[in-house]
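This report walks through a few features of one protein model. Please look over the sequence and the structure before reading on.

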Amino acid sequence: MIDRYTRPEMGHIFSLENKYAVWQEIEVLACEAQAELGKIGITKEEAAWIREHATFNKEEVDAIEAVTNHDVIAFLTNMGEYIDKDVPEGEPKPSRWVHFGMTSSDLGDTALCYQLVQATDIIIEDVKKLGEICKRRAFEERDTLCAGRTHGIHAEPMTFGMKFGSWAWELKRDLDRLVDARKNVAFGAISGAVGTYSSIDPFVEEYVCEHLGLVHDPLSTQVISRDHHAYLAGVLATTAATCERIATEVRNLQKTDTLEAEEPFKKGQKGSSAMPHKRNPITMEKVCGLSRVVKANAQVAFDNVALWHERDISHSSAERVAQADSFIALDHMFQCLIRVIDGLILYPEQMKANLNKTRGLIFSSKVLLALVETGITREEAYAIVQENAMATWREVQQCQPGTTFREKLEADPRCTVSSEELDEIFDPWDFLTRIDRVFDRLEELNFD
């Protein structure tokens with residue numbers, strides 16, 4: 001992922017420095033486990049020496065890899081040189097116990113799962129932070145009237161706080177899925193060439209995984225099965241879709257023709273090189289764009305599940321790109337949303353103006369029910385309401401002066417709803433008499 005979208009905390013997790021540091025810890029833990037087990041020649045003193053002297057130099061590893069064309073061998077060679085550097089002449093080299101009975105995937109797969117756990121922890125905190133913001137803003141805008149829209153068309157009155165609340169609940173579901181996906185990917189495997197522990201005792205795997213906070217894979221091949229990784233990638237994609245949903249709503253509400261909400265526009269910010277008046281929703285557009293990357297990368301993870309026999313390497317190159325890019329992009333998306341949603345500018349007066357733009361058409365559903373209650377059939381009631389509504393629509397669409405929807409109903413002798421009842425119906429708050437239940441539920445939402 002390009003630096004423009006890479007936050008240092010997330011970028012570090014997928015850096016070679018971090019990967020090599022995790023590799024080093026796994027190899028050292030494996031030596032300590034072997035010393036604890038006491039079945040091969042390594043002593044606890046040698047394991048302690050390895051712990052004290054193990055280190056690496058990235059540039060040196062890169063130089064060795066340029067010759068070996070094998071990253072694990074290059075790393076082990078470099079770390080071994082540091083382990084043995086201060087060993088007295090003629091003494092056995094402790095580095096000989098490093099990677100004993102292990103294969104490259106024992107090291108790489110366990111380390112990768114550990115890195116994915118690290119990265120997921122960051123996304124989990126991102127979700128919690130944005131979720132809390134959405135919940136807070138929901139209560140701030142609990143009574144801010146606006147038009148609810150379906151198919152992009154005005155439907156019935158609602159409050160803007162419900163939008164924030166809906167996002168909060170969806171983020172809570174994302175959080176639950178991420179926690180589960182984290183658990184599902186927190187596995188390690190140190191089981192040898194095809195998972196038979198032919199040259200290494202299962203105790204080593206159990207010891208290493210326990211110290212890393214991982215679960216040992218109950219039956220790995222040469223690799224940890226990629227269904228673990230695919231599940232996580234799918235959850236990341238779903239979370240990205242939530243981000244896109246929020247961003248899309250802001251973009252739609254910022255359109256000049258709607259203008260009910262707007263991204264913060266900083267002092268000195270420019271919207272267009274050609275049109276100085278422009279205030280574009282560029283941050284939310286970026287979120288929508290990056291969402292496509294995360295969602296597309298989920299397909300890469302699904303394709304990585306089916307490997308040849310006990311392992312091939314077709315998954316490796318793809319996931320080196322896709323996993324890092326998905327996490328880095330999603331983390332950046334959350335940083336954008338946290339800033340924008342926390343500071344989202346709202347225009348309540350414009351919301352009211354939009355609510356009244358259709359001259360009362362948004363009250364049609366209540367009129368329909370009221371007519372049915374007078375004793376006529378639903379079909380007869382629907383015809384009365386629709387005929388008057390379409391007449392109002394035509395005038396609105398053509399920007400023609402005319403009577404309101406209510407005035408047309410009052411002039412229609414077929415409409416037998418009383419004036420007093422129409423007063424109630426044409427009050428937007430009559431649609432919202434039960435939203436306390438919605439916000440009572442939201443009050444109980446937490447992101448702990």
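## Basis of the model

The model is predicted, so local features need pLDDT of at least 70 and side-chain atom pairs count only at pLDDT 80 or more, while totals for chains, interfaces and linings use all residues. Residues are numbered from 1 along each chain as its sequence is written, and side-chain values use heavy atoms, with hydrogens and water left out.

## Helix 2

Helices (H or I, at least four residues) and strands (E, at least two) are DSSP runs, numbered from the N terminus. Helix 2 covers residues 16-37, which is 22 residues. From first C-alpha to last it reaches 31 Å, close to the 32 Å expected at 1.5 Å a residue; the expected span is 1.5 Å times one less than the number of residues.

Buried means under 20% relative accessible area, exposed over 50%, and partly exposed in between, using a 1.4 Å probe and protein chains only. After helix 2 comes glycine 38, which has a positive phi near 75°.

## The hairpin

Strand 1 (residues 145-150) and strand 2 (residues 153-159) run antiparallel and are joined by five bridges. Two strands pair if DSSP finds at least two bridges between them. Threonine 150 has isoleucine 153 in strand 2 as its bridge partner. Two residues lie between the strands of this hairpin, where histidine 151 takes a positive phi near 60°.

## Salt bridges

A search of the whole structure finds 34 salt bridges. A salt bridge is a side-chain nitrogen of Lys or Arg within 4 Å of a carboxyl oxygen of Asp or Glu. One of them joins arginine 51 to glutamate 25, with the closest N and O atoms 2.8 Å apart. This pair links distant parts of the chain, with arginine 51 in helix 3 (residues 44-53) and glutamate 25 in helix 2, 26 residues apart. Arginine 51 is partly exposed at 33% relative accessibility, and glutamate 25 is partly exposed at 28%.

Glutamate 249 forms a salt bridge with lysine 163, and their closest N and O atoms are 2.7 Å apart. Glutamate 249 lies in helix 9 and lysine 163 in helix 7 (residues 160-185), so the pair ties together parts that are 86 residues apart in sequence. Glutamate 249 is partly exposed at 23% relative accessibility, whereas lysine 163 is buried at 11%.
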